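Here is a walk through one protein fold. Keep the coordinates open as you read.

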Amino acid sequence: IVAMLAPNLDNPAMAAIAASTENALRDAGYVMILCDTHDRAELQDEYLDAMRAQTARGYVLVSAVPSPGLQAAMNRNEPLVFVNRRNPLGAGAFVGIDNTRAGADAAAHFLAEGITDLAVIYPRMPSSTIAERIEGFIEACAQQGLARSAIREATGDGATHLEIGYAAMLKLVSEGGWPGGLLCPSDLMAYAAYRLATEQGLSIPRDCRIIGIDDNLFNAWIAPWLTSVSIPYREFGPVVVEQLLASWSGAPAGARILPHRLVAR
């Protein structure tokens, strides 16, 4: 048995990671148990304890949060592989992308299109993954001569990235109108921005170019207006299994960075 702990499985990105990992583990002869932590430390610890009682051989933690139970698992040297978000308590085996570079690639695309009226939205308390994407975006703009103060920022609260994105966009628009280009650190936040635009009578991408990060499979069907940084979630599973096998053999934990690409629409 291998346990996967992941938050918010209604997010297509999380679901894609889970499906890819389950397929790869099944092919390798393992059974995966999936637990939704809802990004809550106490649930993460509850599932870690429950899966330990089930003698899970390893743990795959997708977007883990700091918690006493995680620290205890690390102290016991249990096999842990962190996915999408690095270990919030320090080193460990990791599978993901270069999030800073992903943000920088989004900035390069806007600037190549001549769009300099830029803005970003993100959660009021961003994860390390989102913080890296935003910082990469802003730093890349600065390197091209666009001052940090020229990039508008707005944050929002909510239970999902849809709610967070909508709240952040309401704040951004109320404080200064729509930007020419908008970075959303997840596709779900981009969907929320699009909804507000349609409610206010704007046309996307004519009135505002939006870039998301994820490139969910839904985009080709329902979001032909959305340029997005594509993350190869369907390729995560085999790499996660490789990291688990290395952990079981006693090999030093390391990071496996998979390539991303920007899909222009």
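A contact here means heavy atoms within 4.5 Å. On that basis, residues 24 or more positions apart account for 66% of the contacts in the protein chain with a separation of 6 or more.

This is a predicted model, in which local features need pLDDT of at least 70, side-chain atom pairs count only at pLDDT 80 or more, and totals for chains, interfaces and linings use all residues. Residues are numbered from 1 along each chain as its sequence is written, and side-chain values use heavy atoms, with hydrogens and water left out.

Start with the whole chain. Its secondary structure comes to nine helices and twelve strands. Both are DSSP runs numbered from the N terminus: helices are H or I with at least four residues, strands are E with at least two. The radius of gyration is 19 Å, close to the 18 Å that the globule rule gives for 265 residues, so the chain is as compact as a globular protein of that length. That radius is taken over C-alpha atoms, and the rule is 2.2 Å times the number of residues to the power 0.38. Along the principal axes, the C-alpha atoms fill a box of roughly 55 × 35 × 30 Å. Buried residues make up 51% of the 265 residues. Buried means under 20% relative accessible area, exposed over 50%, and partly exposed in between, with a 1.4 Å probe and protein chains only.

Six strands form an open sheet in the order S2-S1-S3-S4-S5-S11, with parallel pairing. Two strands pair if DSSP finds at least two bridges between them. S2 and strand S11 (255-257) are the edge strands, each pairing on one side only. Neighbouring strands of this sheet are turned by 20° against each other on average, direction ignored. Axes are lines fitted to C-alpha atoms, for helices over the stretch in contact, and angles run from 0 to 180 degrees between N-to-C directions.

Helix H1 (residues 12-27) packs on this sheet. H1 touches S1, S2, S3 and strand S4 (80-83), and its direction makes about 165° with that of S2. S1, H1 and S2 make a right-handed β-α-β unit. Right-handed means that, with the strands pointing away from the viewer, the path from the first strand over the helix to the second runs clockwise.

How many residues of S1 are buried? Five of the five are, so S1 is largely enclosed by the rest of the structure. In a regular strand the side chains alternate between the two faces of the sheet. In S1, Val2, Met4 and Ala6 point one way, while Ala3 and Leu5 point the other way. Five bridges join S1 to S2 in parallel, and Ala3 stands opposite Ile33 in S2. S1 also pairs with S3 in the parallel sense, over four bridges. There, Val2 stands opposite Gly58. Elsewhere in the sheet, three bridges join strand S5 (residues 93-96) to S11, again running parallel. Val95 stands opposite Arg256 in S11.

Helix H2 (residues 41-53) comes next. At 1.5 Å a residue, its 13 residues should span 18 Å, and its end C-alpha atoms are 19 Å apart, which agrees. The expected span is 1.5 Å times one less than the number of residues. Leu43, Gln44, Asp45, Leu48 and Met51 are buried in H2. What covers them includes strand S1 (2-6), strand S2 (32-36), strand S3 (58-62) and helix H3 (68-75). Just after H2, Thr55 takes a positive phi of about 55°.

Turn to another sheet. Its six strands have the order S7-S6-S8-S9-S10-S12, and this open sheet has mixed pairing. Strand S7 (152-156) and strand S12 (261-263) are its edges, each pairing on one side only. Helix H4 (residues 99-112) lies across strand S6 (118-123), strand S8 (181-183), strand S9 (209-214), S10 and S12, at about 160° to S9. Helix H6 (residues 161-176) lies across S6, S7 and S8, at about 135° to S7.

Three bridges join S10 to S12, which run antiparallel. The bridge partner of Ser228 in S12 is Val263. Ser230 sits in strand S10 (residues 227-230). Is Ser230 buried or exposed? Ser230 is buried, with a relative accessible area of 14%. Leaving out residues up to four places away in sequence, Ser230 touches Asp214, Asp215, His260, Arg261 and Val263.
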